[in-house]
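Please keep the view open while I talk.

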Amino acid sequence: MPRYLYFRPAAGHARPDRHPLLTYLDACASRAHIAELHGRLIRAHLAPDPAVAGRLVALLASPAAGHDMRCARRVFDGMSNPNAPVWNCMIRGYTSRRAPGEALATFRDMIRKGVAPDNYTMAAAVSACAAADGWAWEWRAAGDAVHAMVRKIGSVADLFVMSGLVKLYGTFRSVEDARKVFGEMQERDVVSWTSMISAFAQHGMWDDALRFLAEMQADRVSPNKVTIISLLSACGHGQAVDRGRWVYGQLSEYGIEADVDIGNALISMYAKCGCMSDALEAFKAMPARNTKSWNMLIDGFVQNQKYKEALTMFEEMLSTDFNPDAVTLVTVLSACTQLGDLQQGRNLHSYIRSREIYCDTILLNSLINMYAKCGDMAAAEMVFQTMKQRDVVSWTTMVCGYVQGQQFTAAFIFFKEMNVAGIVASEMALVSLLSACSQLGTLDKGREIHAYIEEKNIKRDVFLQSALVDMYAKCGCIDMAAEIFSKMQHKQTLTWNSMIGGLASNGHGKEAVQLFDQMLKFGDPKPDVITFKTVLGACAHVGMVSEGLCYFHSMSSFGIAPDIEHYGCIVDLLSRAGLLEEAFEFIKKMPIDPNPVIWGSLLSACRFHHKMDLVRKVRQHIINLAPNDVGTHVLISNLHAEGGQWDDVQQIREQMGSRGIEKSPGHSSIQV
C-alpha cells in the first residue's frame, strides 16, 4: 500500500479493545465490503472511536472503495479531532478523485484548525496542485504558496515532497523553477529524474531532456518504464511523433520490456499526434492487451474524427474476451453522437441494460447527450428521470437538447426545475436559453435570463456576453446590445457578427458598416464568412454599392472563398441599386453555378424597376434550373402580363401545359 494511504493512530488515540469486527478492517478489498463493515461497526457502536474512524476514512478514500469521498467526508466530519494522517488521507483521496480544489480546501482547513502538517501532508498538497490545470494563474499561485510552506516547515529534505515539486513546476510549464528545485535536492531517485526529463520534454526542450537522460544514467539511476511512459506522453502532447518513435526504440538499450503499459503509452502518443495507422499497428503488435489498450485506440479514433473506425474497433472488442468498461462506453457513445447515429446509440444502450452494467453519472450524461444530439429528446428525458444523482452537466445537456430541437417551452421548464433543484445553470445552458430567446424574439424571457446571470454572479465569458448581445439585438433592443458590446474587454468574431448583424437588422445599416470598418482596423479578431454576409447585406439595404463590392473583393485577403450566399448578396446589392444589367453580367461570370434564388432575386428586381426587356433574358436561365416549379412559371407569366407582353404570357402557359404544371387554385379560410 502506498505510504500516503497508510494510517497510523496518533499518540493518545488508543485502540479499542480488539472487537472481532476490527479484524476485518485490514482485509476489506472492495467498496461493497467496506460499506457492509461500516454498517456493522455503527451497529456495534465502534464507528465513533478515533482509531476506527480514521481507518475507515483511509479505506473509503483509497482505491479499494473507488475513492468514495462522500462517505469518507461523512465519517471525517463526525470525528472530533482528526489527526494529521487522517487529514492526509482526505487530501490524497480528493486528488485521486480528480478534485484538486477540494483537496486544497481540505489542506487549508487543516492549517486553520491548527493541525501541524508533516511531510506526508506536503507531498499530498503538492500532488493536489500538480493535478490542477497548470495554465491557470490561481493554481500556480496555490503551488507557490505550498512551496513556501514546504520551506517553512523544513520538508525540503524529503525526497517525495521535492520530487512532487519538480513535477508540479513541470505541469506549470515552468522549467526553470523545476530545474531550481531539482538542483536543491539532497538525493534523487528515478521519480525525480523522470519528472525533470518530462518537464523538459513537455516544453519541447529535447536537448536538455536527452542530456538529463544521460546524466541520470551517469548518476547510476537507470530509466524505468515510468520514464519511458512520461517521455511518450510528453511527445504526444508536443506532437513530436519522431521523438516518440526514438524513445520507444531505446527500450532495448535500457533493458526495459515493452509491456502492456508502455504499449498503451505508445498508442496514446500516436493518437495525440494524429497517426492512427501507426497507433493501430502498435496495437496489433502488442503481445498482450488490456481494456485500457482498447480504450486508448478507440478514443484515438474518436479524437481524430474517425468515428466509424471507432465503432468498428468497438465491435471487434466485443468479439474478444475483453469487456468494455465505463470509459469505453462513454467514448463509443461520443462516436455515435458525432455521427448522429441514433440506431447505434440505441443498440449500445440496450447492450448496457442487457449486461446490467453499472451506470455512473458520467455514463448516464453521455447517454443523455447522445439521445439529445441525435434528436430523441423523449429517450433523453427517460434516462434523465431514472438518474438518482444529477449534476449540472445532466441539466445542461437536457436544456441544450431541447433548444437544439426547437422545443423552447420544454427548455424553459427544465430551467425552472433546475432552479428548484438548487442547481446553478452553467454558461452553456444560459447561452442556449438566450439563443432560444433570440429565435423567439421574447425580450422578457431574455431579460429574465440576464437578471439571473446578475443575481447568481455568473462569470460572463465571451460566449455568454456574445449571446446577450445577440439576444438583445434580435429582440430589437439595440441600445442594450450596444451597451454590453462596448463594455466587453475581449471580443471574438462571433461577438462582432452579433453586433454588426443586430445593427443591420434594426435599420442601422450605415452604423453596421462603420462597425465592420472598426473591426478591420483592430485587426484581431478577423472577420469570417458570416461577418462578410452580414456586412454585404447591410451595404445592400443602405445602397452602399462601391463599399459592398470592395468588401466582396477583399475576402480573398482574409483567406475566405466566397460561397453562393456571398454572390447572392452582391446580386441583391446591385439589383436594389437598379444596376440590373451589371447584376446580370455578374451572375453570368460567377465561378460557381447560380441557384434559382439568385436568378429569382434578379427577376423580382426587374419587376420592381420595370425592366421588362431583361425578363426574357433571365427567364430561360431560371426555368432551366427549376423546370417544374409552378411558382417560377407563374411569376414570369405575371411579369409579362404586367408589361402587356401577351405573346410571352401565352408561351409560358403553353410550356406549363406541356409539362403538366398546374397552378393550384387559391383558397381562404375563416374561423367561425
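Predicted model: local features only at pLDDT ≥ 70, side-chain atom pairs only at ≥ 80, totals over all residues.

**Cavities, helix contacts and backbone**

The structure holds two cavities of 30 Å³ or more, where a cavity is a set of points, on a 1 Å grid over the protein atoms alone, at which a 1.4 Å probe fits but cannot get out, the points being joined across faces, edges and corners and the volume being the space filled by probe spheres set on them. Residues are numbered from 1 along each chain as its sequence is written, and side-chain values use heavy atoms, with hydrogens and water left out.

The second largest cavity contains about 30 Å³ of space, and its lining, meaning residues with an atom within 4 Å of a point, consists of V156, A157, D158, L159, M162, M185, Q186 and E187. Five of these lining residues are nonpolar, one is polar and two are charged, counting Ala, Val, Leu, Ile, Met, Phe, Trp, Tyr, Cys and Pro as nonpolar, Asp, Glu, Lys and Arg as charged, and the others, Gly among them, as polar.

Turning to the helices, which are DSSP runs of H or I with at least four residues, numbered from the N terminus, the axes of helix 16 (residues 276-285) and helix 17 come within 10 Å and cross at roughly 165°. Helix 16 is therefore roughly antiparallel to helix 17, a label for angles over 145 degrees. On the helix 16 side the contact (heavy atoms within 4.5 Å) is made by M276, A279, L280 and F283, and on the helix 17 side by S293, W294, L297, G300 and F301; seven of these residues are nonpolar, two are polar and none is charged.

Helix 20 (residues 342-354) and helix 21 (residues 361-373) pack at about 155°, with axes 10 Å apart, and are therefore also roughly antiparallel to each other. Here L342, G345, R346, H349 and I352 of helix 20 meet L363, L367, M370 and Y371 of helix 21, a contact with six nonpolar, two polar and one charged residue.

The peptide bond from D524 to P525 is cis, with omega near 5°.

Definitions and conventions:
Axes fitted to C-alpha atoms, helices over the stretch in contact; angles between N-to-C directions. Helix = DSSP H or I, 4+ residues; strand = E, 2+ residues; numbered from the N terminus. Parallel < 35°, antiparallel > 145°, perpendicular 65-115°, else oblique. 1 Å grid on protein atoms, 1.4 Å probe; cavity = no way out; pocket = protein on both sides within 12 Å on 5 of 7 lines; lining within 4 Å.
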